[in-house]
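I opened this notebook to record what I looked up in one structure. The entries are kept in the order in which I made them.

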Amino acid sequence: MTETTTQKQPIPPRGEFGAYQPRSPEFRAAADALRGLRQELFHDAFAYRPLPRTAADGPVARRLPGRLRSYAGHVPHAVVGLAALVTFWAGSVVSGTSEGPLALLRGLLCAVPVLVTLIRPVGAFWMSMVSTPVVAGLGSESSGDWPWLPGSFVCHLVVLVVVALRTRPRTAAWMWIMTAAYAFTVAVVLGWGYYDSNTAPMLVVSALALLTATVWHIRRDARREVTAQRTVTAHERSRRTLLEERTTIARELHDVVAHHMSVVAIQAEAAPYRVENPPPELERAFATIRENAVAALTELRRVLGVVRAEDYEAPHGPQPTLADLDALLANVRDAGLSVEKAVTGAVRDLPPGVELSAYRIVQEALSNTLRHAPGASARVEVSYVLGGLGLRVVNGPVPAPSLVKPSPGAGHGIAGMRERVSMLDGEMTAGPADDGGYEVAVFLPVPTAGEGGA
């Protein structure tokens, strides 16, 4: 005989805990809508938010002469002030009798909300809503416009547009809904005495105006976002290019230094066997040299090896040197670049790091010539001087009837050259030449045997 136990679902508490029961989707949607209304139109409705000045390099400022350009930042303020004057005229002259204190009061009631949009935009909307029935009560019964007299009509439209431009699109939607609610409420409560209502024109015109302002607002935000994204992308591309160049330099430095450290370690290990019966002190000295060389090589590989990518493979052949310049020049000649080479001074072997950096600098300079000055000729000058090595790569101007257009690259070739020159404590200048071309001049110091021994 088996006993079956059935677990019952707990019944939600009611009574004083009824507020904690789950709500329906309709209730949550209505609550979210009311929360949005409170946030947009009631929370800090009269907060001080002055209208900022426009940029001095904006589309309006660029079209103004020099003297007026300094005042271009106040163009929005002037436009709002002009709209307030038009609203004052419509409220005092068109909305009933044009004489007496009532006309002046109607004009002020219509113009003040427009001016308040400069400092308290949401508060100006509520002032326009309140002034509309007041102006209607002060207007002439023969005006024929209800519930918005001409002054109130213009005032409310201007306020809606300015507030929509200064706030979010959701605020514009809520203002239109509140305007429609006011219109239908007045039509139900007081509409029995009027036969000509301008509610429909107000709702249609205000909807079109708010839609235009919202589209402008969204387009401006999208343009700002695209500009910011482009800036971030350009910065990341620049950073990635520099990191790749530094990674390449670190890899090549690792290959060069690691080779020499390995040679030192091997020679220190083999040196005691080249001398018959070497003294113990000499054996200990060579052992210490070998241990230090191996330790330095291990540390070097640990530090510089982190820059290698997982799929990076060390080159199987030797790194290029200045002896390979002829092959490089033949390669660029095949690509269409007319280049000549000149060597001055006594050609001699230089440290591998200097040879490799000099080759890479010439290679990058010729690549820039192919990319930025298609059709121009170039000249490579290599000078072996007493204190180091001099390089000069200069190209002429682009021919006028050139069928090939320049192809801009990432723009970091010069930065990579400077990285290599700085690594060797050298000097570099790069800039336009006198004939309209471009010149890159580099000096890489090479210590003499006496300096190196010291």
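The entries below concern the basis of the model, its annotated spans, a helix pair and a sheet.

**Basis.** I note that this is a predicted model, in which local features need pLDDT of at least 70, side-chain atom pairs count only at pLDDT 80 or more, and totals for chains, interfaces and linings use all residues. Residues are numbered from 1 along each chain as its sequence is written, and side-chain values use heavy atoms, with hydrogens and water left out.

**Annotated spans.** I looked up the unreviewed UniProt entry, whose annotation "transmembrane region" covers residues 71–91, 103–126, 146–165, 172–194 and 200–218; such annotations may be inferred rather than shown by experiment. For residues 71–91, I found the end C-alpha atoms 30 Å apart and the span 81% helix and 0% strand. For residues 146–165, the end C-alpha atoms lie 27 Å apart, and the span is 80% helix and 0% strand. Helices (H or I, at least four residues) and strands (E, at least two) are DSSP runs, numbered from the N terminus.

**Helix pair.** I examined helix α1 (residues 25–42) and helix α7 (residues 169–190), which pack at an angle of about 100° with their axes 10 Å apart. Axes are lines fitted to C-alpha atoms, for helices over the stretch in contact, and angles run from 0 to 180 degrees between N-to-C directions. The angle makes α1 roughly perpendicular to α7 (65 to 115 degrees). In this contact (heavy atoms within 4.5 Å), α1 contributes A33, G36, L37, E40 and L41, and α7 contributes R170, T171, W174, M175 and M178.

**Sheet.** I traced an open sheet of five strands in the order β1-β2-β3-β5-β4, with mixed pairing. Two strands pair if DSSP finds at least two bridges between them. β1 and β4 (427–432) stand at the edges with a single partner strand each, so one side of each is left without a neighbour in the sheet. On average, neighbouring strands of this sheet are turned by 10° against each other, direction ignored.

Seven bridges pair strand β1 (residues 338–344) with strand β2 (residues 377–385) in the parallel sense, and I found A342 opposite E381 in β2. β2 and strand β3 (residues 388–395) run antiparallel, joined by eight bridges; V382 has L391 in β3 as its bridge partner.

I then turned to the helices on the sheet. α11 touches β1, β2, β3 and β5 (438–445), and its direction makes about 5° with that of β3. Helix α12 (residues 413–423) touches β4 and β5, its direction making about 160° with that of β4.

How values were computed
Parallel < 35°, antiparallel > 145°, perpendicular 65-115°, else oblique.
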